[in-house]
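Have the coordinates open as you read. The walk goes helix by helix, then turns to the loops.

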Amino acid sequence: MEFKQFYDTVKRADQNINIVVNFSYLNCLEGFITEKGSNNRIVDIAAFTITAKKLRESSTYMADENAIAGKLKKADPHLQIIPLIAIYEYPSKGEKLPSADWVRKTGLDVLKDDNFDGVMYYSWESSNYMGRTIKDIADDPQYIKAFSDVFKAARTK
């Protein structure tokens with residue numbers, strides 16, 4: 001129960017600090033929250049990762065994550081859930097940098113789901129397993145427009 005101890009320790013020190021954890025898949029958080037609701041809170045903001053590969057491998061991935069998010073929010077209405085959309089190459093797995101159209105479509109699709117509280121893109125700096133990232137396309141007009149369209153839509157969420 002290290003998550004709970006960490007959360008409680010931080011909150012005792014300063015209630016205004018928000019704890020954010022990327023669980024990759026929301027079902028990794030489900031057992032903590034749905035069993036005891038907000039009394040068993042271990043995060044203030046739960047994140048999960050969306051990759052082009054996850055969306056290719058499962059046509060129901062987003063619907064499944066949205067359904068789990070709904071259960072989590074029912075158990076803990078103050079929990080915020082933020083999808084993290086991965087924008088990077090993964091050469092060893094044959095993953096290419098997603099297109100600007102994919103960036104736009106995925107971001108706008110996320111914003112349609114009722115149980116998500118926003119959207120975030122990553123990664124800026126590459127890790128040892130990554131190729132190009134957002135940093136490498138930050139000045140590309142097609143990507144600038146895609147990000148801009150999504151962030152404009154996010155302001156109304």
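Buried means under 20% relative accessible area, exposed means over 50%, and partly exposed lies in between. Keep in mind that this is a predicted model.

Start with helix α1, residues 2-13. It has 12 residues. From first C-alpha to last, α1 reaches 17 Å, close to the 16 Å expected at 1.5 Å a residue. Its buried residues are K4, Y7, V10 and K11. These four cover an arc of only 135° around the axis, which puts them on the same side of α1. The face turned away from that buried side carries the exposed residues E2, Q5, R12 and A13. An α-helix has 3.6 residues a turn, so residues three or four places apart point the same way.

Next comes helix α5, residues 100-112. This helix has 13 residues. It reaches 19 Å from its first C-alpha to its last, close to the 18 Å expected at 1.5 Å a residue. Buried in α5 are A100, W102, V103, R104, T106, G107, V110 and L111. What do the buried residues of α5 pack against? Three of their neighbours are helices: α3 (52-57), α4 and α7. The others are the strands β2 (45-50), β3 (80-86) and β4.

Take α7 from that list. Helix α7 spans residues 141-154 and has 14 residues. Its reach from first C-alpha to last is 20 Å, close to the 20 Å expected at 1.5 Å a residue. Y143, A146, F147 and V150 are buried in α7. They cover an arc of only 90° around the axis, which puts them on the same side of α7. On the other side of α7, P141 and K152 are exposed. The cover over the buried residues of α7 includes α5, β4 (120-122) and α6 (134-137).

Now look at the pair α5 and α7 together. Two packed helices are described by the angle between their axes and the distance between the axes. Here the angle is about 5° and the axes are 8 Å apart. That makes α5 roughly parallel to α7, because angles under 35 degrees count as roughly parallel. On the α5 side, the contact is made by A100, V103, R104, G107, L108 and L111. On the α7 side, it is made by Q142, Y143, K145, A146, F147, D149, V150, A153 and A154. Which kinds of residue make up this contact? The residues divide into 10 nonpolar, two polar and three charged.

Helix α4, residues 61-75, holds N66. Is N66 buried or exposed? N66 is buried, because its relative accessible area is 15%. Leaving aside residues up to four places away in sequence, N66 touches D113, D114, N115 and F116.

Two backbone details remain. S24 is found in the loop between β1 (20-22) and α2 (27-36). Its phi is positive, at about 70°, although S24 is not a glycine. S24 counts as partly exposed because its relative accessibility is 28%. The other detail is a peptide bond. The bond from Y122 to S123 is cis, with omega near 15°. S123 lies in the loop between β4 and α6.

Methods. Residues are numbered from 1 along each chain as its sequence is written. This is a predicted model: local features need pLDDT of at least 70, side-chain atom pairs count only at pLDDT 80 or more; totals for chains, interfaces and linings use all residues. Side-chain values use heavy atoms; hydrogens and water are left out. Axes are lines fitted to C-alpha atoms, for helices over the stretch in contact, and angles run from 0 to 180 degrees between N-to-C directions. Angles under 35 degrees count as roughly parallel, over 145 as roughly antiparallel, 65 to 115 as roughly perpendicular and the rest as oblique. Contact means heavy atoms within 4.5 Å. Ala, Val, Leu, Ile, Met, Phe, Trp, Tyr, Cys and Pro count as nonpolar, Asp, Glu, Lys and Arg as charged, and the others, Gly among them, as polar. The expected span of a helix is 1.5 Å times one less than its number of residues. Buried means under 20% relative accessible area, exposed over 50%, partly exposed in between (1.4 Å probe, protein chains only). The arc is that of the directions from the helix axis to the C-beta atoms.
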